[in-house]
Amino acid sequence: MTAESLTALLMALTMPLFAQPSKPVVIAHRGASGYLPEHTLESKAMAHAMGADLLEQDIVLTKDDVPVVMHDIHLETICDVAQRFPERKRADGHYYALDFTLAEIKQLHAHERLNPNTGQAVFPNRFPLGRSSFAIPTLEEELQLIQGMNRSTGRVAGIYPEIKQPGWHRKEGHDISRIVLPILRRYGYATKADQCWLQCFEWDEVQRIRNELSWEGNLLLLLDSRKKDEASLAEVAQVADGIGPALSAIVTGKSKADRKVTALVKNAHAAKLLVHPYTLRTDELPKFASSTDDLLDVLFREAGVDGLFTDFPDVVVRWLAAHGMR
Ligand code: CA
């Protein structure tokens with residue numbers, strides 16, 4: 001018997017002992033934000049209907065310590081705060097959610113993300129600015145919406161909460177993680193078996209969440225491509241279950257012809273970390289991809305990522321289904 005056939009035989013014998021590699025997950029980035037204003041309940045309902053596995057929540061605190069779902073710690077890019085409360089901006093020109101009570105934030109009208117300098121939509125072909133009516137939801141309102149849809153449709157979508165800028169929140173006197181974690185637990189998200197991934201960009205806080213705050217659920221460290229990593233993958237794996245790098249950390253190159261898949265996914269898998277990169281936007285493709293299909297192909301079939309944050313969950317669901325990965 002040759003070494004090759006012996007290896008093949010051993011693999012065939014031992015295969016059933018290992019679980020099937022799990023299929024990649026589709027993470028609705030700020031909801032189906034390619035179609036409806038980000039982080040509105042409407043965008044989450046659409047993402048759920050599109051079959052996303054996990055729906056993302058970015059979380060910041062109000063002045064009265066209520067977690068609300070919005071991407072930035074300030075408000076002016078996603079709602080009419082500058083018109084409604086013009087005198088409430090800080091010296092740096094920003095309107096911070098932390099300076100407004102929940103009752104005040106509930107008076108604001110949310111809209112598609114805009115560039116506050118130009119007043120124009122960041123993504124011009126998405127949901128039109130100034131149309132219809134949207135609000136900024138609390139974390140609890142959103143969890144109730146998702147769990148309600150899980151029940152009414154019979155299809156369970158999980159959640160993917162991100163603790164936004166915990167260091168900044170603490171400097172301002174608000175311990176955001178200590179407020180958010182009990183809410184997640186109260187809604188049934190506490191262990192790795194629960195459909196919840198908690199994410200954060202700050203390595204100190206990820207360690208604190210696992211150790212000091214005793215989080216037993218899935219935990220992901222987001223990697224900022226503009227900063228040097230503070231910990232090795234082996235160190236990260238002591239605490240977290242996965243990493244969330246930018247697409248540019250997975251594939252490099254200025255065109256399809258000169259692109260290269262980096263060693264990051266392979267190294268992360270060797271360290272027993274899953275890899276969920278951000279963000280697939282069909283209206284803002286990286287230069288190394290010639291099309292959306294090409295990007296999905298290099299990410300899932302060449303690099304082997306375990307999931308993907310996307311503004312367009314339907315596109316990724318469809319592609320995975322067409323390629324036998326769903
Ligand atoms: Ca996020």
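Which residues are buried in α12? I started there, keeping in mind that this is a predicted model.

**Helix α12.** I looked up residues 313–322, the span of α12, and found the helix mostly covered, with seven of its 10 residues buried. The buried ones are Pro313, Asp314, Val315, Val316, Val317, Trp319 and Leu320. Next I checked what sits on top of them. The cover includes two strands, β1 (25–28) and β11 (307–310). Helices α2 (41–49) and α11 (292–303) are also among the elements covering those buried residues. Then I stepped off the end of the helix: just after α12, Gly324 has a positive phi, about 65 degrees.

**Aromatic pairs.** I went for the rings next and got a count of eight aromatic pairs. One of them is Tyr160 with Trp197, at 6.1 Å centre to centre and 25 degrees between the planes. I have that pair down as stacked, because planes under 30 degrees apart count as such.

**Arginines over rings.** Last, I looked for charges above ring faces. Arg88 lies over the face of Phe100, 4.4 Å from the ring centre. Arg90 does likewise with Tyr96, over the face at 4.3 Å from the ring centre.

Technical notes. Residues numbered from 1 in each chain as written. Predicted model: local features only at pLDDT ≥ 70, side-chain atom pairs only at ≥ 80, totals over all residues. Heavy atoms only, no water. Phe/Tyr/Trp six-rings, centres within 6.5 Å; stacked < 30°, edge-to-face > 60°. Lys NZ or Arg CZ within 6 Å of the ring centre and 35° of its normal. Buried < 20%, exposed > 50% of the residue type's maximum accessible area, 1.4 Å probe, protein only. Helix = DSSP H or I, 4+ residues; strand = E, 2+ residues; numbered from the N terminus. Contact = heavy atoms within 4.5 Å.
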